[in-house]
Amino acid sequence: MAKMKSDKPTGCCPASCLKYVLCLYNFVFLLSGCVVCGLGLWTILEKWVFVQLMASVTYEATTWLLVCTGCLSVLTALLGYTAIAYESRCLLAWYTILLVIIFMFESVIGLLSYVYQEQIDTDLQDSLRDTFINTYSLDMENTQAVDNIQTKYSCCGSSGFSDWTGSPWHLQHPGMAVPDSCCKTVSPGCGVRDHPSNIAYTGCIHRFSTSLSQHLLMVGSISLCLALLQVLGVILTSCMFSRLHKMDKYRPARYGRNTSK
């Protein structure tokens, strides 16, 4: 009897308990994947004007990486539930590998977000006037993006309303002072007067930079926090993998003793 007890797999936590803990973790992981995917989709829908007007591809790459990581997290969570249900070491191994990959993706997103915050002002100063002013009325997508930003943030021009003087748009519309989207109350032809009671004098670069910095800070914080969550997942799946290995190892030995009796 004592010999039979010594052959049983040992560990700090029984397999059934590990399964419940891993299921709970996987549920949290599934929710986090939905959050990351939702954050990426929200960025595309609400912040795409930033992507259109940024000369650097860092912000766009971070946005699409968010969406891909969120979708991969959801699929990985479903794989985790399958691995737990069937107690498959092979599926658990794939689950662990995908957790490590997601950890790397989220770490990259977090680092890109924090590093790019330091470069936003320089990047905007160097490139925003070209994409904001010089392509207005020439590129329809950029024109719509500029109008949306000037209306949403109540600003005008890159550094100020005077940026529109001498611009390609102004040469095409010499009777207008600024685009209609600069007006405090937007209406057709309202950009004729550049009086402060009629248009915004503040340049969009300041509010653009502030809003973008806050968004990147949120994305970076969420990504790095969820990256730490993957570390816990790798530890739990490693424990579960080890427990299943011990159960498979000792199961034939117990069956052999039962048949010999």
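## Close-up views of a predicted model

**View 1. The end of helix α4.** α4 is followed by E87, whose phi is positive, near 50°. This is a predicted model. Helix α4 covers residues 58-86 and has 29 residues. At 1.5 Å a residue, α4 should span 42 Å, and its end C-alpha atoms are 41 Å apart, which agrees.

**View 2. Helix α7 from end to end.** The 13 residues of α7 should span 18 Å at 1.5 Å a residue. The end C-alpha atoms of α7 are 18 Å apart, so the two values agree. At the start of the helix, a side-chain oxygen of D139 comes within 3.1 Å of the backbone nitrogen of E141. Just after α7, S154 has a positive phi of about 50°.

View 3. An α-helix has 3.6 residues a turn, so residues three or four places apart point the same way.

**View 4. The largest nonpolar core.** This core holds 32 residues. F50, L53, F132, I149, W164, F208 and L212 touch the most other members. Two or more residues come from each of α3 (48-53), α6 (120-134), α7 (140-152) and α9 (204-260). Another core, of 22 residues, lies apart from it and includes Y25, L39, Y95 and L99. In soluble globular proteins, nonpolar side chains tend to be buried together.

**View 5. The contacts of L53.** Beyond its neighbours within four places in sequence, L53 is in contact with L128, T131, F132, N142, A145, V146, I149 and F208.

**View 6. D163 in its loop.** D163 sits in the loop between α7 and α8 (168-172). Is D163 buried or exposed? D163 is buried, because its relative accessible area is 10%, and buried means under 20%. A polar atom of the D163 side chain lies 2.5 Å from the backbone nitrogen of S159. Not counting residues up to four places away in sequence, D163 touches R129, I133, G157 and S158.

**View 7. Confidence along the chain.** The mean pLDDT of the protein chain is 82, and 88% of its residues reach 70 or more. Over residues 1-10 the pLDDT stays under 50, and the model has nine contacts beyond four places in sequence for them. Residues 253-261 also have pLDDT below 50, with four contacts beyond near neighbours in sequence. Where pLDDT is low, the predicted coordinates should not be read in detail.

Notes:
Residues are numbered from 1 along each chain as its sequence is written. This is a predicted model: local features need pLDDT of at least 70, side-chain atom pairs count only at pLDDT 80 or more; totals for chains, interfaces and linings use all residues. Side-chain values use heavy atoms; hydrogens and water are left out. A nonpolar core is a set of buried Ala, Val, Leu, Ile, Met, Phe, Trp, Tyr and Cys residues joined through side-chain atoms within 4.5 Å. Buried means under 20% relative accessible area, exposed over 50%, partly exposed in between (1.4 Å probe, protein chains only). Helices (H or I, at least four residues) and strands (E, at least two) are DSSP runs, numbered from the N terminus. Contact means heavy atoms within 4.5 Å. pLDDT is the predictor's confidence in each residue, from 0 to 100. The expected span of a helix is 1.5 Å times one less than its number of residues. A polar contact is a pair of N or O atoms within 3.5 Å; within protein, one must be able to donate a hydrogen and the other to accept it, and residues adjacent in sequence count only if both atoms are side-chain atoms.
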